[in-house]
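Student: I have a structure open and want to go through it with you. Can we start with the packing?

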Amino acid sequence: QLSLFRLTMKRLRSTSHSSVDSKEMKKFQLLAHKWWDEEGEYSALHSMNDIRVPFIRDTLLNMSSNYHLGNPLSGVKILDVGCGGGLLSEPLGRLGASVTGIDPLEDNIRTADRHKSFDPVLAKRIQYKSSSLEEIVEECMETFDVIVASEVVEHVADLEMFIKCCSQVLKPEGSLFITTINKTQLSYVLGIVVAEKILGIVPEGTHEWEKFVPPKELEHLLESNGFSVKTVNGMLYNPLSGSWSWMESTSINYAMHAVKSGAVGQPSPTGALSEMESEQPSATAGTTM
């Protein structure tokens with residue numbers, strides 16, 4: 001009876017109210033086979049790994065007292081939400097993490113599964129699932145040490161529900177990493193007019209300016225749902241070199257790190273929290289707002 005109740009609840013949730021936007025699904029469906037073309041439509045996401053992977057790695061290492069040489073993220077359970085073809089899941093797996101990648105598009109998951117199968121180490125460390133975030137909440141309550149939602153929140157239908165679900169599947173004192181686009185005139189000009197319509201770096205219609213999220217709004221949502229925002233870093237893409245760098249201004253792209261408040265007396269999932277976070281500069285020193 002309990003399992004029948006859960007199934008009914010899951011169906012109700014997925015049919016009545018979902019964080020997945022069906023219009024967004026149709027856009028990405030057409031490009032599902034192109035994820036691993038480094039010169040193609042997703043080239044900017046490939047090069048974003050050069051800054052987003054060290055940002056995640058170094059932030060987690062600064063919070064941890066456990067160091068594993070060679071596999072710095074060994075023992076860390078990561079959920080990559082909206083994983084696409086696995087562009088971020090794979091480098092996190094190579095750092096030793098145990099990664100679960102979820103994406104509502106089955107074609108994306110097929111692409112991700114096929115690509116990880118070429119590497120036997122990754123095949124063991126990463127598992128992919130065609131699912132929305134809210135569909136896995138019940139089976140994954142307080143399961144993950146880390147959630148990564150990179151270039152995802154500007155595509156979800158209900159951001160508050162999305163953040164609530166993140167909190168539910170994250171362990172107390174777990175970390176949430178988000179990269180997204182600010183909602184400014186500059187982000188409209190560069191992110192949509194230049195990137196999509198003029199240079200074609202991003203497929204036309206990928207982004208809707210209305211769905212971009214200002215950092216202050218995202219911080220407020222996170223803090224009202226039990227998170228403490230630790231870092232907000234501006235990001236800049238150079239279309240000529242095809243590379244990303246950190247910048248002080250968050251007026252275009254930005255990365256955020258937030259920590260879920262912990263239960264009293266509960267240890268941190270990535271080892272005892274040291275004073276490192278407050279005392280020691282990270283790899284992105286000088287860019288922390």
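Student: Leaving aside its neighbours within four places in sequence, which residues is leucine 92 in contact with?
Tutor: In this predicted model, leucine 92 is in contact with Ile56, Leu73, Ile78, Ala97, Val99 and Val148, once neighbours within four places in sequence are set aside.

Student: And in the largest nonpolar core, which residues touch the most other members?
Tutor: Leu73, Ile78, Leu92 and Val148 do, in a core of 38 residues. Elements that each supply at least two residues of this core include α3 (43–63), α5 (106–116), β3 (126–130), β4 and β6 (227–238).

Student: Which of them gives the most?
Tutor: Helix α3, with eight residues.

Student: What does the second core include?
Tutor: The second core is separate and has 33 residues, including Leu133, Leu218, Leu222 and Tyr254. In soluble globular proteins, nonpolar side chains tend to be buried together.

Student: How much of the protein is buried?
Tutor: Buried residues make up 52% of the 289 residues. As for secondary structure, the protein has eleven helices and eight strands.

Student: Of the contacts between residues at least 6 apart in sequence, how many join residues at least 24 apart?
Tutor: That share is 74%.

Student: Let's switch to β5. Why is it described as largely enclosed?
Tutor: Eleven of the twelve residues of strand β5 (residues 170–181) are buried, so the rest of the structure largely encloses this strand.

Student: What about β4 and β5, parallel or antiparallel?
Tutor: Parallel, with six bridges joining β4 (residues 144–150) to β5. One of the pairings is phenylalanine 144 with leucine 170 in β5. Between the two strands the chain passes through helix α8 (residues 159–169), and this β-α-β crossover is right-handed.

Student: And β5 with β8, parallel or antiparallel?
Tutor: Antiparallel: seven bridges join β5 to strand β8 (residues 253–260). There, leucine 176 stands opposite alanine 258 in β8.

Student: What is the phi of glutamate 173?
Tutor: Phi of glutamate 173 is near 70°, a positive value in a residue other than glycine. Glutamate 173 lies in strand β5.

Student: Is that residue buried or exposed?
Tutor: Glutamate 173 counts as buried because its relative accessibility is 19%, and the cut-off for buried is under 20%.

Student: What about the phi of glutamate 142?
Tutor: Glutamate 142 has a positive phi of about 50° and is not a glycine. Its place is in the loop between α7 (133–136) and β4. At 42% relative accessibility, glutamate 142 counts as partly exposed.

Student: New topic. How many disulfides are there?
Tutor: The count comes to zero. Cysteine 165 has its closest cysteine sulfur in cysteine 166, but the two sulfurs are 7.3 Å apart, too far for a bond; the cut-off is within 2.5 Å.

Student: Is cysteine 165 buried or exposed?
Tutor: Cysteine 165 is buried, with a relative accessible area of 5%. Cysteine 140 also counts as buried, at 12% relative accessibility.

Student: Last one: what pLDDT does the protein average?
Tutor: The average is 85, and 83% of the residues score at least 70. Over residues 2–16 the pLDDT is below 50, and that stretch has ten contacts in the model beyond near neighbours in sequence. Residues 264–289 also have a pLDDT below 50, with 55 contacts beyond near neighbours in sequence.

Student: How should I read those parts?
Tutor: Where pLDDT is low, the predicted coordinates should not be read in detail.

Terms used:
Residues numbered from 1 in each chain as written. Predicted model: local features only at pLDDT ≥ 70, side-chain atom pairs only at ≥ 80, totals over all residues. Heavy atoms only, no water. Buried < 20%, exposed > 50% of the residue type's maximum accessible area, 1.4 Å probe, protein only. Helix = DSSP H or I, 4+ residues; strand = E, 2+ residues; numbered from the N terminus. Pairing = 2+ DSSP bridges. Right-handed = clockwise from strand over helix to strand, strands pointing away. pLDDT = per-residue confidence, 0-100. Contact = heavy atoms within 4.5 Å. Core = buried A, V, L, I, M, F, W, Y, C linked by side-chain atoms within 4.5 Å.
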